[in-house]
Structure formats: C-alpha cells, structure tokens
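Work through the exercises below with the sequence and the model in view. Each task is followed by a solution in steps.

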Amino acid sequence: MKRILALLFILLLAAPALAQASYEEAVLLYEDKDYKGAREIAEAAAKKGDARAMAMLGLFYQKGLGVDADLNKAVDWYARAGEKNDVGAQYSLAEIYLDGALGEADADRGRYWLTKAAGHGKPEAEHRLGLLAAGETPPDWPEAADWFGKAAAQDYADSQYNLGVLYAEGKGVEQSKIKAGEWFAKAAMKGHRDAALDYGIMVFRGDGVKKDEKVGAEWLLVSAKRGNPVAQNRVARLYATGRIFGVDPVEAVKWHFLARQGGRSDAWLDDFIARLPPATQEEGRTRAQSFKPNS
C-alpha cells in the first residue's frame, strides 16, 4: 500500500512536467515540419489550459499548417491564449485586426490587443503603437515618441531609427541633432540601412556629430550594400569623383545602375557614365546584376 501511495505521489508531482513535455514535443514536431502531429499534441495541451499551445493552434489555423486555413478559428485560439497573457498571441491578434485580414480593419480591437502586448514589454507592439500615433490626423508626435522610446530602449532598431528622425526634426521631442545621431548610430550598428545612410550623412558633414568624411563614407557604403538606393547614389558619386574611395569608374557604374533600379536617378552620373568606354560600362552593369544586398 505504501508503495502505491508513493507512486501516486510521484505521478502527481510529475504531472506539470508531463504537460510541459507535451508542448515541447509539439514544438519539436513543428520544427520537423510534422504539422499534423504537432497540432494533435497542441490540441491536447490546449484543452489542459496551456496558453502556448493555444497560440500554436492559432498559428496553424492562420497559416494552414496541418489543417485547412481558417482565420476565424485562428482568431478564436489567439484570443483564448491572449486572455491568458500570451504576448505573441496578443500581437498576432492585433496584426489581424489592424491589417483587415478578416475583411475590414478594426482599429479599436487592434489597438486593444497591441496595448496588452505592449504592456508586457513586446517591442514590436510598442513600435506599432508609435506608428499608429504618428499616422493619426493630426499626428500625435509626443505619443509616438513615447512608444518609439520604449521599444528603442529594448534595442528595437526600427524604433531607434524613428526616434532619431523625431529628434532630428523636433517632432514630439525637443530637437537635438546630437540625440538624433546617437539613435541613428545605434540602429545603424544593428544593420538598419536607412539609419546607416542618415548617420553616414551626419558624420560626413559633421552635422551634430564629429565630422569625419572617411567614416561617413564607410557608413554610406554599409547602407548601399544593404540596398538603400539613396546611399547607392551617393557611393556612385564618390567613386566617380574619386572622393574618399578613389576613382573607380566600374564601381561608379555599378552603384549608379543599382540606384536607378531603386528609383534614384542622377543626370550628372548618366552623363559621366555615357562618356566611359563601353567595356567599362558593361563591367559595371555585370557587377550590378550579380549584386545581392547584405542581410
């Protein structure tokens, strides 16, 4: 009898661990692309109240993984998980409502779930709330700056860049080129191509930061390599004129060709390249065609 009671006691202690293992097994099956198997385990875990499993079911129905896609069922599962404070589910719901995936956008419901997710510190939600504030008529710049600031403090690059723009333009915050440069630099260090462009221009000109044309040009090149057409145009001019990088007509052709593909025209560079030997022009275009932006 004592052995039976001891065994029951052990099983009771192990019950939470078994539920945890069930969800973890669903995750492993999901990673192996066994969506049907993962769904079956997630359904069992969801019935026991596991919010993570509920959120996973929402994803399955939203994307049609292991089941027929059904956005209404996805919303139902996300809502159940969201009410249990699953932050990912809250944010997914917000996106569905804000993007009008159910037919019409529902700004009120979208903002409700965004605010819940942001309340748990999700930077994507804080950033989206900042965008909503900036998109109001008229824009609520102080609120936008507040939300961008919260996400930026969590190293969210898009918010760091947007906050830099607000400081540069004095919208919602006191204008400060110094703070703008600081936020642009932080976002640029994380690979944000627009931040790399703006920071590069500031450093190149000495606008709010210490002037250093060489360092500024290098940041422009970073942005260009990440696919920013404005930066590609600036780099093309640097190679064409020989400023900082040295004269390199082939690279000038390459970057100008890429900038034009991105919608950035330049009559001066058109004329410069038209006077180059055909072989030089062809080599530059060949390099442009094989270009792949840095990730």
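**Exercise 1.** Which residue just after H9 takes a positive phi?

Solution. This is a predicted model, in which local features need pLDDT of at least 70, side-chain atom pairs count only at pLDDT 80 or more, and totals for chains, interfaces and linings use all residues. Residues are numbered from 1 along each chain as its sequence is written, and side-chain values use heavy atoms, with hydrogens and water left out. Go to helix H9, residues 157-169; helices are DSSP runs of H or I with at least four residues, numbered from the N terminus. Just after H9 comes Gly-170, with a phi of about 70°.

**Exercise 2.** Compare the reach of H9 with its expected span.

Solution. The expected span is 1.5 Å times one less than the number of residues.

**Exercise 3.** Is H9 mostly covered or mostly open, and what does it pack against?

Solution. Count a residue as buried when its relative accessible area is under 20% (1.4 Å probe, protein chains only). Ten of the 13 residues of H9 are buried, so by this definition H9 is mostly covered. Among them are Tyr-161, Leu-163 and Tyr-167. The buried residues pack against helices H7 (123-134), H8 (141-152), H10 (177-189) and H11 (193-205), where contact means heavy atoms within 4.5 Å.

**Exercise 4.** How many helices and strands does the protein chain have?

Solution. The protein chain has 16 helices and zero strands; a strand is a DSSP run of E with at least two residues.

Methods:
Buried < 20%, exposed > 50% of the residue type's maximum accessible area, 1.4 Å probe, protein only.
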